Amino acid sequence: MTAYIAKRLLAAIPVILGLSIIVFLVMKLIPGDPAQALLGSYATPENVARINRALGLDRSWPEQYVIWVGNLLQGDFGRSYILNRPVLDEVIERFGATLILAGASLVICSIVGILAGIASAVHQFGWTDRIVTFFVLVGISMPAFFLGLVFILFFAVQWRLLPASGMYAVYGGGDLPDLLRHLILPAGTLAIVATGVVARLTRAAMLEVLRQDFIRTARAKGLSENAVIYRHAFRAALVSVIPVLGIQAGFVLGGAVYIETVFQWPGLGQMLVKAVSTRDLLLVQGGVLVAATVYVLVNLLADVAQAMLDPRLKA
Amino acid sequence: MTQSVTTSPSPNKRRNNWQLLMANRLAAAGLFIFGFILVVAILAPLLPMPNPDITDQPNRLLPPLSQGHLLGTDHLGRDILSRLIWGTQISLIVGVSATALAALFGSLIGLVAGYARGVTDSVLMRFVDMLMAFPYILLAIAIVAALGPGLLNALYAIALVNIPFFARNIRGVTVSIRNREFVDAARLSGKGHASILFTEVLPNVLPVIVITMSTTVGWMILETAGLSFLGLGAQPPTADLGSMLGQARAQLFTAPHASIIPGVMIFALVMSINLLGDGIRDVLDPRLRSGALDRPLSVTRIERQTLPAVALADAPVLVVEHLSTGFANGGAVTPAVRDVSFRLGKGECLGIIGESGSGKSVTALSLMGLVASPPGIITSGAVYIGGQDVLSLRAHELIALRGARVAYVFQDPLTTLHPLFPVATQIAEAVMAHNQVSKRAAHQRALELMETVGIRDAAERARAYPHELSGGQRQRIGIAMALANDPDIIIADEPTTALDVTVQARILELLQDLRRERGLALLLITHDFGVVAQVCDRVAVMKNGEIVEQGDTATILRDPQHDYTRRLIACVPELGEGHAFLDRVRPLFEETRP
């Protein structure tokens, strides 16, 4: 197992390097000359040349890339000139809040999605299946940012059950129950689409497994239907559900952008949207790179979990 | 766009598919809602509506159903209905354009990578993998950050992040097509690569591209609306549905209608497209129609017109009378086994022999209600185990007999053993299904059984997974599992077919020994008269779902009555016979030639 994990870790390195190249290239898409933009009306040719030399922009792209990655590896993601603080500090602080939100959503979508998917497959074409299928369809067609607003209208404004925004109450908050109260609406909203996807794929995986020969063997042994479905079929279906959960991790990380904006959750997504509108590019670059790296690592975890569940994959 | 999928080439099939699509009420509803939205959006310039951009401060935030403003006005006094229809038009155009762009570039990458293979393939697909390694929307945000907010930039960003999806799908199909005969023929005729790619490969990939587009367009509309909602897409005064929602959000508490109306519109649009897309996919997937994707039930459906006697006095251990099983095919039942009867006594071995499709396996599975159902149905007859008709039992009583009094050994042990459980666990599970014993005791019993069936170093092999064992060892595990509860009857369905000849002989020997030692009744399903001659006391020959001949093995081998039996017997070659075998067999098959 250790060897397998090491192998997967090694394989993740080129992926992360690739991510950094793409982010680097995207930043090179910026129209216009950065020195010109920075200097505004002071952009005399001499000043532009001086700035370009100072920022290393007179070097070739590969050189610039290597210098940039070197800095990243030393923890130097540059400085946000809007917030006037190191990019990495801001990103790490914000990312904590996003991890809580995305993590909670991932837990919700895994549990609810898998249970709904199994129920749906077991009662194929029955009422449970129809109801689940209907909600899945509604879930994956629903704009999460709109659903969030509707939830706020009902749960926070109409019924006053839950807070409408933020991560902690302004006065007297800050403990775990307070955090959980603030977490329910955004995490629930963020989980809706992912839950639909997980339920749909779990249903398909279960139906696929239930047709296999080894399920007939389990029945021929005289196992109860519950043992056949939960012990034999689900165990085999889980192997193909795990990578789906890995993909959903990326989905909730990305979807957090909308939800954090709607619920004023002080996370990375909210930071990114602000940074885009203020054109704080180093902050965008740092935020996207950190989130993408975490996503790669989560998928690596999913790979390892899958190999632990399926001995055939370890080879 | 999405509808074009329903118009498949042959006029006959189109009618058929169209009817199928309409029979799916949800898909039909999706089509009508989407069609309505599409028509209204296209007709926007012709409709008698106020200009969507004219502000009217005194009349701001009017509620729906106000005079002159059916859906009210927004924070600048603009007519919401008019803005909604124009916004829908923009959202549709942007979503469809993004889909088209992603499809164009994604398909191009997929086609080239799948056709060229080698280095080109690796480089292109690694690039695609990199794009996929980003959390979905974040890359789009980075691109918009670089290019600056705006509808067109949002469109490019969404298109780019969806390229991998198309590239991967199309590459997969292209790889499977590039080695087909017609592509080889085109290559040999001297056509260039580009020409082959666009005239031979592309037409065959096109349906996949269209289906992928129809399943992603709803998603793309959602995503572009999302970027506009965040203020990164459409910029004022242009408004799509997302930016309408984003701007109205500030007045959420005082004028919720201004947020809810565009939100519901996005939902209705995307939902209708998804309903339609799912319907189209279902129509085009032939497996869904046949019921082959239906989940098998724990006990086969039993629908007998006449109920036989529930019990039989003085019966041998297994009596099958007038058993018929069929497969549901639409409304009708296609028979697979017709009026089959046989008996099997203690310690006896009956062989059921026939070619594939003769109904022998369905017969074997019917005895314990194990025919995959739906669509399998037992339509008549009785199966007496110890004089009791098991088809009259309740489901849980029948399940209690499985593995206890009647055990199965199946054909290919690689697919019939659970791939993720160690073999001893699977045997122990069979023990525990019918006995109240501890896990440890069951495991101990599993080890004994493994030794009984001739697995050396059983303790060591116990933790192995099926894929780590040889075919012969796997089948021994299957037999050990069948023996777990000392059954009266073992039904072995082609137990040696997947094995090579030497292993086959040893497995048959094992079954013979067990039968003698334990007084087991053995029902052996096979297509090989050599096996029957070696093992069975009696034999029943099946053809087209019926038993055509039944009797002592020796008698039948000596003097087969039925032509079909004669042919089956002749098919067993003898060592050193050479061409003489073919000469001997040929005349027997002459009359069956068309």
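This is a predicted model: local features need pLDDT of at least 70, side-chain atom pairs count only at pLDDT 80 or more; totals for chains, interfaces and linings use all residues.
## Overall form of chain B

Chain B contains 23 helices and eleven strands. Its C-alpha atoms occupy a box of roughly 100 × 65 × 55 Å along the principal axes. The radius of gyration of chain B is 34 Å, whereas a compact globule of 594 residues would have one near 25 Å.

Of the 594 residues in chain B, 46% are buried.

## The contact between the chains

On one side 66 residues of chain A, and on the other 63 residues of chain B, are in contact across the two chains. Several helices of chain A supply at least two residues each to the side that touches chain B, including helix 1, helix 6 (127-141), helix 7 (144-158) and helix 8 (176-210). Helix 10 of chain A gives the most to that side, with 13 residues.

Helix 1 of chain A covers residues 2-27. Its end C-alpha atoms are 38 Å apart, and this agrees with the 38 Å that its 26 residues should span at 1.5 Å a residue. Leu19(A), Ile22(A), Val23(A) and Val26(A) are buried in this helix. An α-helix has 3.6 residues a turn, so residues three or four places apart point the same way. The buried residues of helix 1 of chain A pack against helix 12 (281-309) of chain A, and also against helix 4 (118-132) and helix 5 (136-147) of chain B.

## The nonpolar core

The largest nonpolar core has 259 residues, and Ile141(B), Ala142(B) and Ile427(B) have the most contacts inside it. Helix 10 of chain A, residues 225-263, gives the most to this core, with 21 residues.

Leaving aside neighbours within four places in sequence, Ile427(B) is in contact with Ala446(B), Leu449(B), Met450(B), Ile477(B), Ala480(B), Met481(B) and Ala484(B).

Strand 9 of chain B runs over residues 521-526, and six of its six residues are buried. In a regular strand the side chains alternate between the two faces of the sheet. In strand 9 of chain B, Ala521(B), Leu523(B) and Ile525(B) point one way, while Leu522(B), Leu524(B) and Thr526(B) point the other way; all are buried.

Strand 9 of chain B pairs in the parallel sense with strand 4 (residues 349-353) of chain B over five bridges. In strand 9, Leu524(B) has Gly351(B) opposite. Strand 8 (residues 489-493) of chain B also pairs with strand 9 of chain B in the parallel sense, over five bridges. Here Ala521(B) of strand 9 has Ile489(B) opposite. Strand 8, helix 19 (residues 501-518) and strand 9 of chain B together make a right-handed β-α-β unit.

## Backbone exceptions in chain B

The peptide bond from Pro236(B) to Pro237(B) is cis, with omega near 5 degrees. Pro237(B) lies in the loop between helix 8 (193-229) and helix 9 (241-248) of chain B.

Leu61(B) is not a glycine, yet has a positive phi of about 55 degrees. This residue is in the loop between helix 2 (25-42) and helix 3 (80-116) of chain B. Leu61(B) counts as partly exposed because 18 other C-beta atoms lie within 10 Å. His322(B), also a residue other than glycine, has a positive phi near 50 degrees. His322(B) is placed in strand 2 (residues 318-329) of chain B. With 14 other C-beta atoms within 10 Å, His322(B) is partly exposed.

## An exposed histidine

His396(B) belongs to helix 13 (residues 395-401) of chain B. His396(B) counts as exposed because it has 11 C-beta neighbours inside 10 Å, and the cut-off for an exposed residue is 12 or fewer. His396(B) and Val299(B) are 97 residues apart in sequence, and their C-alpha atoms are 9.2 Å apart in space.

Technical notes. Residues are numbered from 1 along each chain as its sequence is written. Chains are lettered from A and ligands numbered from 1 in the order in which they are written. A nonpolar core is a set of buried Ala, Val, Leu, Ile, Met, Phe, Trp, Tyr and Cys residues joined through C-beta atoms within 7 Å. A residue is buried if 20 or more other C-beta atoms lie within 10 Å of its own, exposed if 12 or fewer, and partly exposed in between; C-beta atoms are placed from the backbone. Helices (H or I, at least four residues) and strands (E, at least two) are DSSP runs, numbered from the N terminus. Two residues are in contact if their C-beta atoms, placed from the backbone, lie within 7 Å. The radius of gyration is taken over C-alpha atoms; the globule rule is 2.2 Å times the number of residues to the power 0.38. Two strands pair if DSSP finds at least two bridges between them. A crossover is right-handed if, with the strands pointing away from the viewer, the path from the first strand over the helix to the second runs clockwise. The expected span of a helix is 1.5 Å times one less than its number of residues.
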